[in-house]
Amino acid sequence: MLYCEKCDVSLSGSAQRCPLCQNALSGQPEEDVFPALPEGETPYRLTARLAGLLTTAALAISTAVNYCFPEGGWWFLFVAAGLASAWLLIGVAFWKRRNPMKAIV
């Protein structure tokens, strides 16, 4: 266990300096309890990429179908607006996830 004499704090892990005062630590370092996460990786990255792919595919398919059958008007714009509003809703919900009632208001 590592020990900072200045702060009188015991630390676990393999740090070389005290996180409070940046003083050198004495003692034997231990193995880190938690594994290190790879940099740049987030737990929701795959989900966001898959949702983006599905959104793009839905927009491309609706545009192609509307182009093949043009007598119905430009209804693919409604699909695009619906997808954009869904992304906006999910983005606001994720941004305000700590206080959902405030986001609803």
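**View 1. Helices H1 and H2 cross in a right-handed sense.** A crossing counts as right-handed if the near helix is turned clockwise from the far one by less than a right angle, and left-handed if anticlockwise. The model is predicted: local features need pLDDT of at least 70, side-chain atom pairs pLDDT 80 or more, while totals for chains, interfaces and linings use all residues. Residues are numbered from 1 along each chain as its sequence is written, and side-chain values use heavy atoms, without hydrogens and water. H1 packs against H2 (residues 76–95) at about 165°, with the axes 9 Å apart. H1 is therefore roughly antiparallel to H2 (angle over 145 degrees).

**View 2. A nonpolar surface patch includes Val-65.** Ile-61, Val-65, Phe-69, Trp-75 and Phe-78 form this patch of about 540 Å². Val-65 belongs to helix H1 (residues 45–68). Val-65 counts as partly exposed because its relative accessibility is 36% (buried is under 20%, exposed over 50%, partly exposed in between; 1.4 Å probe, protein chains only).

**View 3. Leu-25 sits in the loop between strands S2 (9–11) and S3 (26–27).** With 16% relative accessibility, Leu-25 counts as buried. Its C-alpha atom is 11 Å from that of Ser-12, 13 residues apart along the chain.

**View 4. Asp-8 and Gln-22 are non-glycine residues with positive phi.** Most residues other than glycine have a negative phi. Asp-8, with phi of about 60°, is in the loop between strand S1 (2–4) and S2, and counts as exposed at 55% relative accessibility. Gln-22, with phi of about 65°, lies in the loop between S2 and S3 and counts as partly exposed at 48%.

Notes: Patch = residues over 30% accessible without salt bridge, like charges linked within 9 Å, V, L, I, M, F, W, Y side chains within 5 Å. Areas by Shrake-Rupley, 256 points an atom, 1.4 Å probe, with all protein chains shown as cover. Salt bridge = Lys/Arg side-chain N within 4 Å of Asp/Glu carboxyl O. Helix = DSSP H or I, 4+ residues; strand = E, 2+ residues; numbered from the N terminus. Axes fitted to C-alpha atoms, helices over the stretch in contact; angles between N-to-C directions. Parallel < 35°, antiparallel > 145°, perpendicular 65-115°, else oblique.
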